[in-house]
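Keep both in view as you read.

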Amino acid sequence: MDNFSLFIDKIKKINDLEEAKKTLFEVCASFDKQKINEALEFAIVAHLGQYRKSGEEYVIHPILVASITSFFSDNEDMIIAALLHDVVEDTKYEFKDIFLKFGANVAHLVEGLTKITDIRANSLIPSTKIDEKLAKSAMTFRNMLISSIKDIRVLVIKLCDRLHNMLTLDALREDKQKRIAEETILVYAPIAHRLGIATLKKYLEDLSFKYLLPSEYQKIDKFIKENKEDLTLRLNNFISKVEVLLSKEGISDFEIKGRIKHYYSIYLKMQRKGISIEEVLDLLAIRVIVKEKIECYESFGVIHLNFRPLISRFKDYIAIPKENGYQTLHTSVFDETNVIEVQIRTYDMDKNAEYGIAAHWKYKLDSASPNTDWLNNLTFENEKIEDFYELAKNDLFREDIIVYSPKFDTYTLPVGATALDFAYAVHTDIGNKAKEAYINKEKASLLTTLKNGDIVRIVTDEKEIPRCSWIDALKTSKAKVAAKHLCNQRIKEVENDIALNILKTIFDLDIFKLKAIIKSHYLCSKIHKIVEDKNFLTDVVNKISKTIKSKEKLKHLFKSYTLKEYMFDNIKVLSNKSINDIEFSFCCHPKRGDEIVGFLENKKVTIHHKLCSTAVDLIKARENMVYVEWIEENTISKYLIIVNLQNKKGELAKFVSELAKLDVSIASIELGVNSDFCKVEVEIDEKKLDKVSTKLKQTYHIIEFTSQKDAYNGKVK
């Protein structure tokens, strides 16, 4: 079966075990039938009595996943592993059972798939909510990628598994459908793109789009169906013209495929340009497939000489392949009133474009292989799991540009990448020491956004230059992580010096003597914590004061090392010295939330931003310093809740109990004399306001939820 679309249409309709088995043996006709049958029977026995949400026997799922996998691989071990991919996780069988029965290679693949915990249960939620669910989802994602580094086949099977899950998503609740679809479009489709498997990518995108934005999907679907006859006629008319022209020019061995763009691609174009589907010019596309590379350029010449091209739309991915190995000539031309995209490639390039890395397992192709280095770049050991997740998604889900070094080495970067991203792409040291950039021989800022085809030269300094405030402007995870690492390293060095200066000020000690005492207490590696942790500072002060007093009792007999808290508006200062006032530095204008440091002079503390250049100079000069921090704002506010309670015994008690569970303090209660309305004045932590409001509205008829700070007593919830 060669047509993947027809094959998927068939897979969608299968809910019978015998039909699933029949399909598997049809697509696996070239494999060892006995081996496949042995794995099939093992899976059937293992999953006996298990059913999916749709009500069908669970084993149908792995059988159909194995059938889809066979489309992308002629490796028997992959097919068997696909059949057994849920056995260890969902049944009584263990890895040793699979190892003994099917060998080390299959067991290794199943292990890689099993290490990817059930991502359907730990469903993705929007990345703005950093909580336990996101952490689990991110951890699952990382496990999936790390397992794939060891064997990329694991990732291909997982993509096939996800495709079948998406085909059967109708059986789940709407909220689960949306969560799984969001995860698919953010993670799985971009991974398919990175592996060059366009066939899977398009299906995953369109299926996700259908569940995430159903009304937008339906609009596009309705337009395409209503205009299909007209669109097909226009497409066939153009194909006929091209066939005649190519034959006339002596290009005989070719094939032309016509298509209407897939739905998600149309939607993205509408969003990017802010247009309706009627205004999308290039809904139609053809693919010219020829035998030799040179014929790609000959065909391109024929088309440009006979149809007016849109020059800005020409791209040569044959001379410079995409990072995922994709090679094709792209152009768009006018044909009467139509704009039609034309892709020209060889037969090998066509297989590579549709099946990506999998095509290189099935065929000996004369085309570029997908670059899988991005997988290695994603294994950040020291990143927070949520940060890793965001960085990984950023690397996966991106459009690319190609830029050049002065020696014309090519670098693939995401759209929006800066000159500093390029510097880090060349080498981490180049990025860390980058001082200036020259783009197309003209001097430019390191934060200049690069364009496709730019030639970039980076001038470096002898020393590393941390640019902590630039991290958010960078686009590649490699640049972000390297810049962050350099900043953290520099911050730790600065914090060590700040800690020493604070202790020097408290004890009036020579810095060398102070370092010796710190070393004797084994505090060298932890001393930087003083800057952020006042409790740790107090502990260290107590330890050092005991050491000093035990050695020089008389000299320190009347000295007090007890730290006193001083409050000045929104700043708290800890010191054993007298302090009368504070002031904010004009050089860096620190604002609430910034990391700050305090310098003591004549009983006055001057507040600077921690990484302010003036502050860094003062820190190195060993100026007197004190511990400073922002005073936390009171987030407790008063609200008036008017609730309609049923006029029956115990209702008020239940409501009060519910408020207590939500950690809401009651200031006063006023019952309506002639109505069921009850007024309750409460105190709520602003951070919990949304949760409290949502929970109460789910259970009770809330008439009003009003902030008492609101001058107009308007509703806030």
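This is a predicted model: local features need pLDDT of at least 70, side-chain atom pairs count only at pLDDT 80 or more; totals for chains, interfaces and linings use all residues.

Residues are numbered from 1 along each chain as its sequence is written, and side-chain values use heavy atoms, with hydrogens and water left out.

**Cavities**

- A cavity here is a set of points, on a 1 Å grid over the protein atoms alone, where a 1.4 Å probe fits but cannot get out; its lining residues have an atom within 4 Å of a point.
- Points are joined across faces, edges and corners, and the volume is the space filled by probe spheres set on them.
- The model has two cavities of 30 Å³ or more.

**The largest cavity**

- This cavity holds about 60 Å³ of space.
- Its lining is made up of Leu-420, Tyr-424, Gly-431, Asn-432, Ile-465, Pro-466, Arg-467, Leu-474, Ala-483, Leu-486 and Cys-487.
- By class, that lining has eight nonpolar, two polar and one charged residues, where Ala, Val, Leu, Ile, Met, Phe, Trp, Tyr, Cys and Pro count as nonpolar, Asp, Glu, Lys and Arg as charged, and the others, Gly among them, as polar.
- At least two lining residues come from each of α20 (419–426), α21 (428–433) and α22 (477–507); helices (H or I, at least four residues) and strands (E, at least two) are DSSP runs numbered from the N terminus.
- The largest share, three residues, is supplied by α22.

**The second largest cavity**

- About 40 Å³ of space lies in this one.
- Ile-498, Ile-502, Val-531, Ile-596, Val-597, Gly-598, Val-626, Tyr-627 and Val-628 form its lining.
- Here the classes are eight nonpolar, one polar and no charged residues.
- α22 contributes at least two residues to this lining too, as do β15 (596–601) and β17 (625–630).

**Helix α22**

- With 31 residues, α22 reaches 44 Å from its first C-alpha to its last, close to the 45 Å expected at 1.5 Å a residue (1.5 Å times one less than the number of residues).
- Just after α22, Asp-508 has a positive phi of about 55 degrees.

**Helix pairs**

- Axes are lines fitted to C-alpha atoms, for helices over the stretch in contact, and angles run from 0 to 180 degrees between N-to-C directions.
- Angles under 35 degrees count as roughly parallel, over 145 as roughly antiparallel, 65 to 115 as roughly perpendicular and the rest as oblique.
- α3 (residues 33–46) and α5 (residues 76–83) pack at about 15 degrees, with axes 9 Å apart, and are therefore roughly parallel.
- α11 (residues 174–194) and α12 (residues 198–212) pack at about 160 degrees, with axes 8 Å apart, and are therefore roughly antiparallel.
- α5 also packs with α10 (residues 152–167) at about 50 degrees, with axes 10 Å apart, which makes α5 oblique to α10.

How values were computed
On a 1 Å grid over the protein atoms alone, a cavity is a set of points where a 1.4 Å probe fits but cannot get out, and a pocket is an open set with protein on both sides within 12 Å along at least five of seven lines; lining residues have an atom within 4 Å of a point.
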